[in-house]
Amino acid sequence: MPAPVILFAAKSEKWAEYEPALRKALGKVGLDHAVLVTEAEPAEVDYIIYAPNSGLQDFSPFTRAKAVLSLWAGVEDIVGNETITMPLARMVDYGLTQGMLEFVTGHVLRYHLMMDDFIAGQDGLWRADLVPPLARDRKVTVLGLGVLGAASAQSLARIGFDVAGWSRSAKSLEGITCYHGEDGLLEALRHAEILVTLLPDTAATRGVINQTTLAALPKGAKIINPGRGSLIEDTALLAALDQGHIAAATLDVFTVEPLPSTHPYWAHPNVTVTPHIASATRAETASETIAENIRRGEAGLPFLHLVDRQAGY
Ligand code: NAP
């Protein structure tokens, strides 16, 4: 069988990190002979490893490509590309999942344990009445029960939090109260002393956190958004924060990134901005997902983690 030609179409500075990781992972699945390159005649390429910020937009010359394998979990920048007529897979790997559940668990614990009150309260006052409840008495809702949402919800449930989740289709996850569909959203929100948003950016999820849904949250709720900036209507959130209906928010993703330095989120006393670092794609673990999908392609097996273009994620 001829060696598959694999094009690495990501920013050039990523190559030094990815090349050894990809070669190692390809070797592990018996593909040491694969040709891994950063430039190739499009008609000779079998697989495209792709980062949407690489500049590659027109896939039509890649007439032989069996798949586009994205290095990113979110596919909103690719899913509408009509020149991608071959299967499109997104990134699902141990590193992204573990990174996200650590981020979510850590930031939920920050709010749950009222850490900010103690950090700001180093003033000689003995606030012995400020005792956090047990996790089982703290309600957390995770919007999105996909790979990252489910892992985060289950991590919180293992600690003991009273966890609910919301997805498009009905789900059954141990230890999680699962809601779905439009009717389920308000139920899920009513539950949320701490709300985590881990939905993809699609036509159906844009602006899901708006004036109406914010009003459905209990007074004093806190929000953690590592999903996508478009999920939240910023003006509605800022108003709810100023009114005190929402007590605090930790925002990792924004409609414009980097978040402009003049954006009101930076200056808001109850907002924590993190620079889209909730969970990064790491070369070592991502390469294993890529290599496994190429192995499957070569063996004539269906690809893993295919994007549903109709649904947009
Ligand atoms: P996923 O496995 O595709 O899961 C998406 C979840 O959202 C699923 O549970 C899905 O429901 C639900 N959903 C989609 N549309 C919905 C709708 N209209 N109503 C209700 N639920 C809906 O995605 P993932 O791997 O968990 O990743 C989630 C998102 O995290 C990504 O899309 C990306 O935007 C973001 N992300 C951020 C970072 C970061 O560093 N900040 C890193 C990686 C990913 P079903 O289960 O019914 O399909």
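Helices (H or I, at least four residues) and strands (E, at least two) are taken here as DSSP runs, numbered from the N terminus. The model is predicted, so local features need pLDDT of at least 70 and side-chain atom pairs count only at pLDDT 80 or more, while totals for chains, interfaces and linings use all residues. Residues are numbered from 1 along each chain as its sequence is written, and side-chain values use heavy atoms, with hydrogens and water left out.

Let us start with the ligand. Its shell draws on α2 (94–112), α4 (147–159) and β7 (162–167), each of which supplies at least two residues; α4 gives the largest share, three residues. Among polar contacts (pairs of N or O atoms within 3.5 Å), a backbone N or O atom of Val147 sits 2.9 Å from a ligand oxygen atom. A polar side-chain atom of Asp252 lies 2.9 Å from a nitrogen atom of the ligand. Taken alone, the ligand exposes 940 Å², and the protein buries 91% of that (Shrake-Rupley method, 1.4 Å probe).

Turning to charge pairs, the structure holds 13 salt bridges, each a side-chain nitrogen of Lys or Arg within 4 Å of a carboxyl oxygen of Asp or Glu. In one of them, Glu76 meets Arg228 at 2.6 Å, N to O. Glu76 lies in the loop between β4 and β5 (88–89) and Arg228 in the loop between β10 (221–225) and α7 (234–243), so this pair ties together parts 152 residues apart in sequence. Glu76 is partly exposed at 23% relative accessibility, whereas Arg228 is buried at 17% (buried means under 20%, exposed over 50%, partly exposed in between; 1.4 Å probe, protein chains only).

Definitions and conventions. Polar contact = N/O pair within 3.5 Å; in protein donor to acceptor, adjacent residues only side chain to side chain.
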